[in-house]
Amino acid sequence: MPWIRICSGAVALVLALVWVTVGGWLFTAGVSAMVLLGQREYFELAQRKGILPATKTTLLVSQILIITATVAPQYTDAVLALGGSWICFYLLFQPKLATIADIATSILGLFYGGYLPSFWVRLRGLEQPNFTNLPLLGFWPQGGAWPLGLNVTLLTFSCIWASDIGAYFFGRAFGKTQLSEISPKKTVEGAVFGVCASMVVGAVGAWKLTWPGWLGMLLGLMTGIASLLGDLTESMMKRDAGVKDSGQLIPGHGGILDRADSYVFTAPLAYYFVTLLVPLVG
């Protein structure tokens, strides 16, 4: 099982690097597929609790969100509001009276599984039209500058990887204090080391981007904490549903949610960090 886990992780890493680098509609298609598969796992967890959410309607609205984030990112928030209303109307007129749990689960599925991941599309799309050299708004480095969105997406991904890997190995070697009953194997020592590793990667990335060092460390700090919270949130849902993994799609890793949980809360943080905070610093 460790070798299966390592091999599938290595393949996923290579695919992710190509996928992120090219960007454009290829990146959108990848995020769209992950959102679809991740939401299906999320709704299966909810159904284990006897909840009947608006699964198909929420999946459709989420796909519209991802596409909107590519073609007109300024309207993504409007799609969230209108889509949430549409889901409520759909549940309102079902033959079986919907419960509060049905409505809440559907809206959370749209927000957690669709809206938050759409920020990756918005982040990767920053400056992309100015650097496109492939079909479908794609880009491949040929020397010279890279799109801002590509640089920051790769940096944020690297911070997440540093946090996850650092926390895993340091926690296994030196961890003694349990972090939370939600995920018994996680330790305080591992979590702290993971966040510190993310800050170090952030500082190196800031140097490459000619940002102040403290700005990169701040991004690493925020990313490390958000990554950990995303992991714990997904663990809480699995614990409530009484399952070990959200699915069996990825050999040795479980489902999409098991691998993508660290990326959910980090996407909006990274996007607003680079669009609001970095310009203020200048």
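A: A residue is called buried under 20% relative accessible area, exposed over 50%, and partly exposed in between, using a 1.4 Å probe and protein chains only. The model is predicted, with local features needing pLDDT of at least 70 and side-chain atom pairs pLDDT 80 or more, while totals for chains, interfaces and linings use all residues. Residues are numbered from 1 along each chain as its sequence is written, and side-chain values use heavy atoms, leaving out hydrogens and water.

Because its relative accessibility is 31%, Trp 25 counts as partly exposed. Together with Ile 67, Val 71, Leu 136 and Leu 137, Trp 25 makes a nonpolar surface patch of about 470 Å².

Turning to charges, the structure holds five salt bridges, each a side-chain nitrogen of Lys or Arg within 4 Å of a carboxyl oxygen of Asp or Glu.

One of them joins the side chains of Lys 49 and Asp 240, with an N to O distance of 3.3 Å. This pair links distant parts of the chain, 191 residues apart, since Lys 49 lies in the loop between H2 and helix H3 (55-71), whereas Asp 240 is in helix H9 (residues 213-241). Lys 49 has a relative accessible area of 44%, so it is partly exposed.

Another salt bridge brings together the side chains of Lys 186 and Asp 231, at 3.1 Å from N to O. Because Lys 186 sits in the loop between H7 and helix H8 (188-208) and Asp 231 in helix H9, this pair ties together parts that are 45 residues apart in sequence. Lys 186, at 22% relative accessibility, counts as partly exposed, whereas Asp 231 is buried, with a relative accessible area of 16%.

Helix H9 also carries Lys 238, while Asp 258 lies in helix H10 (residues 256-264), so their pairing ties together parts that are 20 residues apart in sequence. In this salt bridge the closest N and O atoms of Lys 238 and Asp 258 are 2.8 Å apart, and both residues are buried.

Conventions:
Patch = residues over 30% accessible without salt bridge, like charges linked within 9 Å, V, L, I, M, F, W, Y side chains within 5 Å. Areas by Shrake-Rupley, 256 points an atom, 1.4 Å probe, with all protein chains shown as cover. Helix = DSSP H or I, 4+ residues; strand = E, 2+ residues; numbered from the N terminus.
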